[in-house]
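Student: Can we go through this one together? I'd like to start with surface charge.
Tutor: Fine, have a look at it first.
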Amino acid sequence: EGDSNVVSQAIFDRNLNVEERLGVLITYHPVGGGHGPWADIETSIITGDCEYDLLAGSAMQGATNFTKGLYKNLRNVEYLDLNKEYWAQGILDNQTIAGATFGVTGSISTYFYDSAFVIYFNRVLAEAWGVSPDDIYDLVLSGEWTLDKMMEISKNIYQDDGDGVEDADDVFGCGIQVTSATDGFGASCMINLVSETEEGLKIAMDIGRVSDVVTKLNSFIWDNPGVCALAENSNYVTNDIYLLDQQFANDKLLFVTDWLYSTSTMTMRDMESDFGVLPYPKYDVDQEYATYVHDKYTLFAIPVSVSAERVSMIGAFMEAMASEGHNLVMPAYYEKALTSRYIRDPESVLTMDIIVRNITVDKLWSLASDIPRYCIRQLIWDKSTDVVSTYRKYYSNSQKTLDNLYVFYEQYADN
């Protein structure tokens with residue numbers, strides 16, 4: 001039985017169970033492009049003509065639409081218990097502002113977990129360069145897998161293929177996509193740009209911590225022979241993000257930054273060498289691990305056009321889908337598809353648990369605003385360590401914007 005069939009069958013069983021439990025018929029309607037239906041049905045919600053009970057689309061586009069008063073505050077929906085483990089608490093904490101939560105995710109969607117960023121490591125290449133895979137796992141499980149440690153292990157691993165040109169046939173200690181993958185270091189080092197207090201939303205940037213992380217990453221990525229930096233502004237052979245996966249599969253990268261989804265792709269599934277999966281490294285040993293998810297992860301929301309009588313039924317439906325997903329789909333996805341079939345060593349089962357238990361995003365990612373979310377990414381892209389100027393330019397005068405957003409969430413908290 002194919003791996004995809006295992007999960008597909010579990011999803012089918014979940015849907016059938018929910019239909020039988022609630023006496024409903026689930027009908028899917030693909031609407032919109034890659035980011036989902038948000039923009040396409042906005043007018044129909046406003047006019048009250050929306051024919052859909054529940055929407056699912058990317059978090060990035062959802063945040064833009066959540067500031068228009070078009071969605072129910074899911075905290076007020078009967079039968080929906082957002083404190084349950086099958087709702088992603090690390091996301092909900094930052095998706096909730098002024099007591100209002102307009103979009104949720106968790107075990108209702110496997111794509112949420114697919115979107116998590118991880119570090120893969122090539123066990124064969126590690127051993128060839130005198131790096132013990134057991135020692136790497138020990139670092140993670142003991143809480144000592146830090147940014148400094150990852151850089152120390154990989155920064156000087158480089159071997160030219162003999163042509164004297166740095167290219168995809170050379171061996172590198174680490175391959176990094178210098179776009180969304182670098183956002184993961186902000187989350188893993190617990191750099192928060194915005195937080196919520198009793199007074200509302202506030203800029204929370206720790207300039208010293210950001211400066212330290214950005215300085216280290218800039219030096220690591222641009223100044224060391226062991227790093228293959230894949231970006232449009234580098235001298236690398238291509239900006240095709242999938243080439244890194246191929247290099248990894250060809251035993252050319254010890255570490256590589258990537259989505260958890262990549263474990264199921266043909267490139268890595270057919271890889272001859274064994275590999276392991278690690279969480280992104282921490283800032284220091286004193287903090288907990290934190291996993292970043294790409295902002296295309298799926299959020300679910302109820303339009304305000306849904307009648308009050310029907311909202312309770314949709315709440316029961318969402319709760320049933322999430323709980324059945326937790327009981328049926330996630331074991332198939334996590335235990336069978338990932339840990340038993342694709343991940344090739346027992347230690348990665350433990351690190352996988354660390355990865356999925358600690359998924360989170362900065363509160364700024366839940367807000368539709370002109371305040372830049374890609375602070376670390378942009379600084380590294382520009383090869384800059386001038387965090388102070390960045391703060392002054394983009395963040396020091398952002399309080400009014402945050403105040404206005406907070407008022408909006410307060411205003412629509414009763415939706």
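Tutor: A patch here is made of residues with over 30% relative accessible area and no salt bridge, with like charges joined within 9 Å. Keep in mind that this is a predicted model.
Student: OK, which residues form the negative surface patch?
Tutor: Glu127, Asp134, Asp135 and Asp138 form it.
Student: Which helix gives the largest share of that patch?
Tutor: Helix H7, residues 133-141, with three residues. Asp135 is found in H7.
Student: Switching to helix H9. Buried or exposed, mostly?
Tutor: Mostly covered. H9 spans residues 180-188, and nine of its nine residues are buried. Among them are Asp183, Phe185 and Ser188.
Student: And what about Met190, after H9?
Tutor: Met190 follows H9 and has a positive phi, near 50°.
Student: Now strands. How do S2 and S9 run, and how many bridges join them?
Tutor: They run antiparallel, and four bridges join S9 to S2, which covers residues 117-122.
Student: Which residue in S9 is the bridge partner of Phe121?
Tutor: Gly276 is the partner of Phe121.
Student: Which way do the S9 residues point?
Tutor: S9 covers residues 275-278. Phe275 and Val277 point one way, while Gly276 and Leu278 point the other way.
Student: Are those buried or exposed?
Tutor: All four are buried, on either side of the strand.

Definitions and conventions. Residues are numbered from 1 along each chain as its sequence is written. This is a predicted model: local features need pLDDT of at least 70, side-chain atom pairs count only at pLDDT 80 or more; totals for chains, interfaces and linings use all residues. Side-chain values use heavy atoms; hydrogens and water are left out. Patches are made of residues with over 30% relative accessible area and no salt bridge: like charges are joined within 9 Å, nonpolar side chains (Val, Leu, Ile, Met, Phe, Trp, Tyr) within 5 Å. Accessible areas come from the Shrake-Rupley method with a 1.4 Å probe; for residues, only the protein chains shown count as cover. A salt bridge is a side-chain nitrogen of Lys or Arg within 4 Å of a carboxyl oxygen of Asp or Glu. Lys and Arg count as positive and Asp and Glu as negative; His and the chain ends are not counted. The place of a charge is taken as NZ of Lys, CZ of Arg, CG of Asp or CD of Glu. Helices (H or I, at least four residues) and strands (E, at least two) are DSSP runs, numbered from the N terminus. Buried means under 20% relative accessible area, exposed over 50%, partly exposed in between (1.4 Å probe, protein chains only). Two strands pair if DSSP finds at least two bridges between them.
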